[in-house]
Structures are given as structure tokens and as C-alpha cells.
Amino acid sequence: MIRFQDVRKSYRVDGRDVPALQTFSLDIADGEVFGIIGHSGAGKSTLIRLINLLERPSGGRILIGDTDMTALDEAALRHERQRIGMIFQHFNLLSSQTVAQNVAFPLRLAGERNEAAIRQRVDELLARVGLTAHADKYPSQLSGGQKQRVGIARALANRPSILLCDEATSALDPQTTAAVLDLLAEINRELKLTIVLITHEMDVVRRVCDRVAVLDAGRIVETGPVADVFLHPQHATTRRFVNEALPEEAAGEQMPFAHVPGRILRLSFRGEATWTPALGRVARETNVDFNILAGRIDRIKDLPYGQLTLAMQGERVDDALATLRDAGIEIEELTLSPENRA
Ligand SMILES: Nc1ncnc2c1ncn2[C@@H]1O[C@H](COP(=O)(O)OP(=O)(O)OP(=O)(O)O)[C@@H](O)[C@H]1O
């Protein structure tokens, strides 16, 4: 468990303390993929760098398991940091060293002197990230996605229990981003390590994270399981991020429904409910009519979900909605058309 206890952080600028993170508490469970999303300047980098104490908090404590990171001396901190790997937006590879030498670097730094053991570990790591054939290349000979794979192999070298990802896919195109996120998900599953990632893209959160915290101007404004935050965002900042990730849904929300007859509803299906023909069945049983205005089916990590915006008419709309709710479908009423507004 990573535990932030009443943590706050200010930077000293021109003799004044400028707050970057307001006091917050947060627990990140072992083995989860935890996302921190926020706009530029919200405090994401500060927050993630507090975990390995690259930044010291101005108040509060940061615990990893039972260890209070804020109470350690430099030597103990260096040792603890070996349990925490980190990858970066711009990869931070050593340009004059080969791929294999970059991956071996943290092993040597940790005091490993046995060359055969180093070679074996580097081979294992390169195989895991799919770069065996590139061991003797230099970073300049690699694509962005390959460079980030070297970064991941290097971060895993000392078998950390936590991997911090600082905008790890922000410099990559969408296809490469998807491949790197798949690799992070696989590492999380197979090595059971905790991943904390910061991003400004909700799509990154949707693809890999279990839980997310939304940062806005130094405050955590919303935290929760990704499916909850994604399907029912509470804070305006969260809604903006979700709408960026769901362009069609956003269009649906802005459609002028006033002229559409019937009640305007948004149905959210999660997991198995996504595939059941509940809507057709309920319409037949209750004799309601429905008209689909917008919709999509996608996945939140491994969970299939669907969202449909529709207009429903008939005498038994309330019965139909009650039956749909019983079937595990979440329903929000968006707005009422004029004839139903009385
Ligand atoms: N070393 C520093 N000295 C002074 N102020 C800083 C320092 N690092 C960050 N800040 C300030 O703290 C606030 C939060 O910055 P931070 O880099 O954590 O945000 P961020 O969400 O990661 O932004 P970005 O996505 O642009 O990297 C900003 O106002 C920034 O200017």
C-alpha cells in the first residue's frame, strides 16, 4: 500500500511558498493500476515524485507498506528507491550506451558485479519487452515505442514492487500508445506490481487503470474506480476529460433534444448486462417505443460497457425503467421534452 497521509506540497519561489498540492490523503492498494489525471500544472508530476521522494512533502507522511519514506535518511532512502521503478515521457535513456547497457545500468548501480548474472537478467528483461533483437542498438536507432520499452525494461531491472509512469505515452502516437499500455497491463498482471501513472488523457486511464484520481489546480476533486468515474463523473473537470475521451457521447449530450418526443434517457450497461437484449424485451412487454439518439459500446480495462442515449414514449415508461434497473442497467434522465414537462 502507498499511503499519503495529510500530505501537502509547496514550492519556494522568489522567497514565497507557492502551493502545488493542497493537503490530501490517498491510499493506493498493492497490485492496482492507479491513474492520476489532470491538466498541465495541476500537480501530477509533483504528486508522483512524492512517492519516491524526488520531491519532499511540505507536510504529512508518505508510507510504502510500513515504511515511512519521509523519515528515512539518505542511505535508507536510496535502498527503498530500488523497490520503485520509474519511466518518463522522454525516456531518459543514455544515448552513448546500447539498449543492453541501458538496461544493465540500474543493476550495476545497485552493486551487481557478476557479469553473467547481469547478462542473464538483461536478456530476460529484453525478452519481456520484445526487444531481444535490438540489444546492441543505440537509442537513436530506435522508434519512440521501442525507446519506452527500453525504459520499462530498465525500470524493472531491480524487481521493483512499484512502477511510476510519468506521462509515459504522451510522446507516442495512438497505436504505439496502445501497445505500450498493453505491455504495462501485462506487467501488472504477471508481476503483480503496483503501477501509478500520470496522464492528461482519459483514454489512457480507461484502457489500463483500476482506479483514478482527478487533480484540478492542486486538489484531488474526484477519486474512484475508473468505471464509476467514467460513467458518472461528478466534477466539471472530470466531465470534460470524459467528454474528450467520448466524442460521440459528447455530441449526444449536446444534441438539441427539445424537439424529440418522449423522455430522454441515458442507459449505462456494464459487464454482462452489455450483451443482454434487455431493451427489446422490455419494450415488447411494456409496449413502450424507443428511439436511439446516440450510443457506443467499448471497454473500461477488461469491463465491457455500453451507453445509449434514447427517447422513450408510452404509458408504461416507468415500468419499463424499473425492469431495466432490475436488470442492472443504470439510467439517468437527461431532460424532458416539452409535452412531458407539465
Ligand atoms: N521545482 C519547482 N519550483 C517551483 N514551482 C514548481 C516546481 N515544480 C512545479 N512547480 C509548480 O507547481 C505546480 C504543479 O506542477 P506539476 O509539474 O506538478 O504539474 P503537472 O500537472 O505535472 O503539469 P504538467 O502536465 O505540465 O507537467 C505548477 O504551478 C508548477 O509551476
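User: Starting with the cut-offs: exposed means over 50% relative accessible area, and buried means under 20%. With that, is aspartate 14 buried or exposed?

Analyst: Bear in mind that this is a predicted model. Aspartate 14 has a relative accessible area of 78%, and because exposed begins over 50%, aspartate 14 is exposed.

User: Where is aspartate 14 found?

Analyst: In the loop between S1 and S2. Its backbone stands out as well: aspartate 14 has a positive phi of about 50 degrees, although it is not a glycine.

User: Why flag that?

Analyst: Most residues other than glycine have a negative phi.

User: What about lysine 192, what phi does that one have?

Analyst: Lysine 192 is not a glycine either, and its phi is positive, about 60 degrees. That residue lies in the loop between helix H6 (174–191) and strand S8 (194–199).

User: How much of the chain is buried?

Analyst: Buried residues are 48% of the 342 in the protein chain. The accessible surface comes to about 16,400 Å², and carbon and sulfur atoms account for 47% of that surface.

User: What share of the contacts joins residues at least 24 apart?

Analyst: 70%, counted among contacts between residues at least 6 apart in sequence.

User: Charges: how far apart are the mean positions of the positive and negative ones?

Analyst: 5 Å, for 41 positive and 46 negative charges in the protein chain.

User: What does UniProt list for residues 2–242?

Analyst: The record, an unreviewed entry, gives "domain: ABC transporter" for residues 2–242. In the model, that stretch is 38% helix and 28% strand, and its end C-alpha atoms are 26 Å apart.

User: Aromatics next. How many aromatic pairs does the count give?

Analyst: Two aromatic pairs. In one, the rings of phenylalanine 4 and phenylalanine 24 have centres 5.1 Å apart and planes at 40 degrees, so that pair is tilted. Phenylalanine 4 is in strand S1 (residues 2–13) and phenylalanine 24 in strand S2 (residues 16–28), 20 residues apart, and the pair links distant parts of the chain.

User: Are phenylalanine 4 and phenylalanine 24 buried or exposed?

Analyst: Phenylalanine 4 is buried, at 1% relative accessible area. Phenylalanine 24 counts as buried too, with 7% relative accessibility.

User: And the other pair, what is its geometry?

Analyst: Phenylalanine 230 and tyrosine 305 sit edge-to-face, 6.1 Å centre to centre with 80 degrees between the planes. Because phenylalanine 230 lies in helix H8 (residues 226–231) and tyrosine 305 in strand S13 (residues 303–313), the pair ties together parts 75 residues apart in sequence. Phenylalanine 230 counts as buried at 1% relative accessibility, and tyrosine 305 is buried at 0%.

User: Changing topic: which helix does leucine 126 lie in?

Analyst: Helix H4 (residues 115–128). Leucine 126 is buried, with 1% relative accessible area.

User: Which residues is leucine 126 in contact with, beyond its sequence neighbours?

Analyst: Leaving aside neighbours within four places, leucine 126 is in contact with Val99, Ala100, Val103, Leu131, Thr132 and Ala135.

User: How far is leucine 126 from lysine 147 in space?

Analyst: 12 Å, C-alpha to C-alpha, with 21 residues of sequence separation.

User: Last one, threonine 98. Where is it found, and what does it touch?

Analyst: Threonine 98 is in the loop between strand S6 (84–88) and helix H3 (99–109). Not counting residues up to four places away, threonine 98 touches Ala135, Asp136, Lys137 and Tyr138. Although it sits in a loop, threonine 98 counts as buried, at 10% relative accessibility. Ala135 is also among the contacts of leucine 126.

Technical notes. Residues numbered from 1 in each chain as written. Predicted model: local features only at pLDDT ≥ 70, side-chain atom pairs only at ≥ 80, totals over all residues. Heavy atoms only, no water. Buried < 20%, exposed > 50% of the residue type's maximum accessible area, 1.4 Å probe, protein only. Contact = heavy atoms within 4.5 Å. Areas by Shrake-Rupley, 256 points an atom, 1.4 Å probe, with all protein chains shown as cover. Lys, Arg positive; Asp, Glu negative; His and termini not counted. Charge placed at Lys NZ, Arg CZ, Asp CG, Glu CD. UniProt positions renumbered as here; feature names shortened; annotations may be inferred. Helix = DSSP H or I, 4+ residues; strand = E, 2+ residues; numbered from the N terminus. Phe/Tyr/Trp six-rings, centres within 6.5 Å; stacked < 30°, edge-to-face > 60°.
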